[in-house]
Amino acid sequence: MNSEQLCPLRELVKLRAKYKLRLFLDESTSFGVLGKTGRGIADLFEVDLMAKDSIGGFCVGSHFIVEHQRLSGVPYCFSASLPPMLAQAAISALNRFEKDPQIFAELQETPRLLHQIFSNFSKLTIGDHPHSPDKNLYLKN
């Protein structure tokens, strides 16, 4: 569910370490927008986490289930691989980020500006995090 809230990442990382858990973040809307270098919520909170991808998935289960999924999925590897258009879009975005790092200031200002504009609506209310790139509007009544 998209709630436009930013997770308490530092606290989640502490819990991850304490209870030896895995932590997965979906940064599909925060990558390029949040953080000093646009690397998402992990960058915003200065937390070092796993690498980012433009598409993918993971399987969680018992050893038997995971191995079955992995071995059974081999024939579908190329039919379900990243479409070339998405691979090129990811490469182009990363190249743009490297070539034009000041783009992050603009990408970070846009959600704040939208939040300010939407806050002036008389019959709608907006979620409470101005930095979030996701904007949810709710009817007041």
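A salt bridge here means a side-chain nitrogen of Lys or Arg within 4 Å of a carboxyl oxygen of Asp or Glu. By that rule, the structure holds three salt bridges. Before going through them, a word on the model: it is predicted, so local features need pLDDT of at least 70 and side-chain atom pairs count only at pLDDT 80 or more, while totals for chains, interfaces and linings use all residues. Residues are numbered from 1 along each chain as its sequence is written, and side-chain values use heavy atoms, with hydrogens and water left out.

**The overall picture**

The protein chain has five helices and two strands, in the order α-α-α-α-α-β-β from the N terminus. Of the 141 residues in the protein chain, 22% are buried. Buried is under 20% relative accessible area, exposed is over 50%, and partly exposed is in between (1.4 Å probe, protein chains only). The protein chain exposes about 10900 Å², and carbon and sulfur atoms supply 59% of that; the areas come from the Shrake-Rupley method with a 1.4 Å probe, and for residues only the protein chains shown count as cover. Take contacts (heavy atoms within 4.5 Å): among those in the protein chain between residues at least 6 apart in sequence, 45% join residues at least 24 apart.

**The salt bridges**

| Pair | Closest N to O |
|---|---|
| R96 and D100 | 3.3 Å |
| E109 and R112 | 3.4 Å |

E109 and R112 sit three residues apart in helix α5, so about one helical turn separates them. E109 is partly exposed at 41% relative accessibility, and R112 is partly exposed at 29%.

**Helix α5 and its two kinds of residue**

α5 has 16 residues and reaches 23 Å from first C-alpha to last, close to the 22 Å expected at 1.5 Å a residue (the expected span is 1.5 Å times one less than the number of residues). Its buried residues are I103, F104, Q108, P111, H115 and F118, and they pack against α4 (84-99), β1 (124-126) and β2 (137-139).

L113 also lies in α5 (residues 103-118), but counts as partly exposed because its relative accessibility is 42%. Together with I117, F121 and L137, L113 makes a nonpolar surface patch of about 310 Å². Patches take residues with over 30% relative accessible area and no salt bridge, joining like charges within 9 Å and nonpolar side chains (Val, Leu, Ile, Met, Phe, Trp, Tyr) within 5 Å.

**The nonpolar core**

The largest nonpolar core has eight residues in all: L6, L9, V13, L34, I41, A42, F45 and V47. α1 (9-19) and α2 (41-44) each supply at least two residues of this core. Such a core is a set of buried Ala, Val, Leu, Ile, Met, Phe, Trp, Tyr and Cys residues joined through side-chain atoms within 4.5 Å. Leaving aside neighbours within four places in sequence, V13 is in contact with L23, V47 and L49.

Definitions and conventions
Helix = DSSP H or I, 4+ residues; strand = E, 2+ residues; numbered from the N terminus.
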